Amino acid sequence: MKLRIRTIENGEYVKAKRLWAECFPEDDGEFIEYYFANRTSPDNIIGAFDGDGKMLGGLHIIGQKLRICGTEKRIGFIAGVGTKPEHRNRGIASKLLEAAVPVMRDRGCAAAVLQPFNDDFYKKYGYRDFAFAGRCKSVAPTEHKNENYDEKSLLSKYNAFMAGYDGYAVRDEGTYTNLIKEFSANNAKIFSLGDSYALVYAGSGVEPAQVMEFVGNGDASALASVIKSSFGDADILVPTDSPLCEPGSISVFNQILPIDEQKLTDGTGFLNADSLIKHINLHGFALDRY
């Protein structure tokens, strides 16, 4: 079967949305509407089309900046790599991943980053383990009143927490405008307590709760207890050096593909991508999933 791999056109945005719903049935309609209205756009999506113009697969490139060794690096965050079920195992995802690299290079990206569903799959395309995370230890449930929050307060907590790490996304208040909108959905909730916050998906058949972001230092243990009280079992990811990290639970959180080594290492104090990636392996942490 002959495929055409290209950036989609504006009129094909609905096709991309339908493809996402088919490839990721765990995402409800409310999230999909939010994502396509706020997080992506036609020029961010590479599609695989058959000879009749049917969209068989897609890949999203979300522009971001990472804070690395005091510098800001433009990267493409790869999300939504999916193929229609009846066309899987035919190399479509491989072609999409290969096509994404020159697109990101043309956009001035130093690297591509993604959260792998399988650590080994993306290594075939040059991706390397980048940041790691561990599961939060079991904590006793407790109750605290949820504190008020806004974009400014959540951003302040994020920046204070991330200042101890490297390789994380640069955010602004606009980031949190979108996150507050996303986690105001019926099956989502934002928790705020002291220097900590958490973004949680629960309900709609999601069991256990999905803690999408967990940020905090001094009040992190108390917040984990609140989540436990609210949802019971919940999978919370924390930095590998956190006192809350369960021994033996560490796994890869995201992977990186250097696209322009010079851009990636400039100003970092590292001479090559290998040494820089090893540094992030030891000192990095990240939260972004899509």
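Colleague: Which residues does L264 touch, not counting residues up to four places away in sequence?

Modeller: In this predicted model, L264 touches I68, K73, A110, A111, I256, P258, A273 and L276, once residues up to four places away in sequence are set aside. L264 is also among the residues that touch the most other members of the largest nonpolar core, which has 59 residues, and F31, Y35, F36, Y158, F183 and Y290 are listed with L264. A second, separate core holds 24 residues, including A48, V81, A93 and Y125.

Colleague: What makes C23 count as buried?

Modeller: The relative accessibility of C23 is 10%, and the term buried applies under 20%, so C23 is called buried.

Colleague: Why is C69 called partly exposed?

Modeller: C69 has a relative accessible area of 22%, and because buried requires a value under 20% and exposed a value over 50%, C69 falls in between and is called partly exposed.

Colleague: How do you know that C69 is too far from the closest cysteine sulfur for a bond?

Modeller: The closest cysteine sulfur to that of C69 belongs to C109 and lies 19 Å away, whereas a disulfide needs the two sulfur atoms within 2.5 Å, so this pair is too far apart for a bond. The structure as a whole holds zero disulfides.

Colleague: Why is N44 called buried, and where is N44 found?

Modeller: N44 is found in the loop between helix 2 (29–38) and strand 2 (45–49). Its relative accessible area is 16%, and since the limit for buried is under 20%, N44 is therefore buried. Beyond residues up to four places away in sequence, N44 touches R39, L59, H60, I61, I62 and R107.

Technical notes. Residues are numbered from 1 along each chain as its sequence is written. This is a predicted model: local features need pLDDT of at least 70, side-chain atom pairs count only at pLDDT 80 or more; totals for chains, interfaces and linings use all residues. Side-chain values use heavy atoms; hydrogens and water are left out. Buried means under 20% relative accessible area, exposed over 50%, partly exposed in between (1.4 Å probe, protein chains only). Helices (H or I, at least four residues) and strands (E, at least two) are DSSP runs, numbered from the N terminus. Contact means heavy atoms within 4.5 Å. A nonpolar core is a set of buried Ala, Val, Leu, Ile, Met, Phe, Trp, Tyr and Cys residues joined through side-chain atoms within 4.5 Å.
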